[in-house]
Amino acid sequence: MLRSEIKETDKWDLTPYFKNKVEYDKYYDETLKLIDEVVSYKGKIMKDSDSLFNFLELEDQLDLRLETIYVYSYLYHYSDTKEEYGKQLKIKADNLDELISEKTSFVRSEILSVDYDYVLKLISKNKALDKYAFSLERFFKYKDHTLSEAEERIISLAGNAFGTPDDAYSSLDNADAKFDNVFYNGKEVELNHSNYIKFVSDKDREFRKQVFEKYYKFYVDHKNTIADLYLGQVKQDLFYSKVKKFDSPLEMSLFSDSIDVSVYKNLIKTIHKSFDPFYDYMSFRKKFLGVDELHMYDIYVDLVNGEPRKFTFDEAKDTILDALKVLGDKYVNDLSQSFDNGWIDRYPNDGKRSGAYQWGSYGLHPYVSLNFEGTEDSVSTLAHELGHAMHSYYSDGKQDHVYAQYPIFLAEIASTVNEVLLNEYLINNAKDDDEKLLYITSFLDKFKGTVYRQTMFAEFEMLVHEKMQNNELLTTDSISDIYYNLNKQYYGKDVVSDELIRYEWSRIPHFYTPFYVYKYATGFCAALAIASDILNKVPGAQERYLEFLSSGGSKYPLDTLKACGVDMTTSEPILKGVKLFEDKLKQAKEIVEKVK
């Protein structure tokens, strides 16, 4: 459908940002003037405690204005990436971001030109600076990774150009990607991102195979272009890490969250020791489907004999609200407003950005985008994104703007807690064993996709960056070989790693946000621990979790998690998750045996 054909009630309402172009342009022009006020502090920021406080207040205002313009512009653009005005908004937002980055490039080096002890003295003289104490502490961590003002300005000027691999890949994969049509239910239908998983999960194996082959044909046909784009991203990552004096792009990516590289590598190491339960599940899948060979296009189909339940959007809403009652009346009441007040963009339309996501800016409610298909997976995706939304909603409500944004390391926990609670609710309320099996295997598949698969992605990223850093030759074929060998290792002997899966890396947009995907795996394991405590009514678990949702970025992420009872510096949460995976697989086997 075209964007104009979607009902207004099914689209998000962006008017809380700006009611019209006149409001947007006025706010944009006022922001340009505010830049000059910030720049007027050049050479005076660290003069005394009042100067530092007044500057930080002004800079925070500018950050919030940029955030508002940037988020609005991108949300508008993502609604229909083919629409011209949206493209113009995106360009204006990017230009403003680049301008602010260039004009304020002096700030980092000027603040970091003094010793941290001097900053502590300024804070002691002006209690108003307590608001920024933790922010300044985090800022001074970068002292050894900050260049001269002139060098920082050069890097700032180059920033927009460095975003080209991501921008170009996004345009290719969202606006320009065209896939061959397929015949579905007797009709010729366009294959696209939003219906691929639905189609590759179909009961008809020949149809699944055809969908798989036609979908990957686009990536094979564009493999060299995409390889150049991805290698451009990796080179960019390596450049930044070198000039910023980090040992590696991986260390640089984890630094802002105060996460040691050992946490990343421990995830990979622990999962390598935990392949057997995953291999066991693939073997179970193969036997259930009754196939001689389990191909990559067989791993998404639902393990039920009848037709899976279909949900209307309203049924999805009611199910989610019921499932999340264990989080308390306040949470459910706050969540309910998301369905009635234009928070959610529900259905796919031509040109709409692929995938589901949540985004927003401080002072306004969060926004959720998805492509609702009526499947259990669509319901789970909605619950997932609403978890992000409530995390943002509560953090914004409790924290000042400077601490409202929760760190990326914590970003996938609230969303996954919602998914786990929903899944448990669906299992407990299934009408028969067949439906119960569907929801149990849904959990197994989510664990597969979020822990095993994302860890595989994380290892792929690490290996490619290491080879680039070691000046090893990287080509389309060598990148694809790395991915293909990992796929075979992770899925085991009971799965045929089809030749086309060699190119799966080329369809993963997260690789253009380096070393992000491991957080899905760590977040899922942390969420399992939190959700289990809530379901088991462990004293204080609900209260600790709501406090977690309100914490934003007010502490280092590992400390925030420890306050919620989870220590991700150890293997314990990962191994607990694997144990739960084994227990659910055992339940699935028992149901199948009983049916026989």
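Which residue forms a salt bridge with Asp 334? In this predicted model, where residues are numbered from 1 along each chain as its sequence is written, local features need pLDDT of at least 70, side-chain atom pairs count only at pLDDT 80 or more, and totals for chains, interfaces and linings use all residues. Side-chain values rest on heavy atoms, with hydrogens and water left out.

The partner is Lys 330, with the closest N and O atoms 3.0 Å apart; a salt bridge here is a side-chain nitrogen of Lys or Arg within 4 Å of a carboxyl oxygen of Asp or Glu. Helices are DSSP runs (H or I, at least four residues), numbered from the N terminus. Asp 334 counts as buried at 13% relative accessibility, while Lys 330 is exposed at 55%. Buried means under 20% relative accessible area, exposed over 50%, and partly exposed in between (1.4 Å probe, protein chains only).

Glu 152 belongs to helix α7 (residues 149-162), whereas Lys 244 lies in the loop between α11 (223-243) and α12 (249-255), 92 residues apart. Both residues are buried.

Across the whole structure, a search finds 38 salt bridges. Some join up: Arg 3, Asp 345 and Lys 352 are linked in a network.

Technical notes:
Helices (H or I, at least four residues) and strands (E, at least two) are DSSP runs, numbered from the N terminus.
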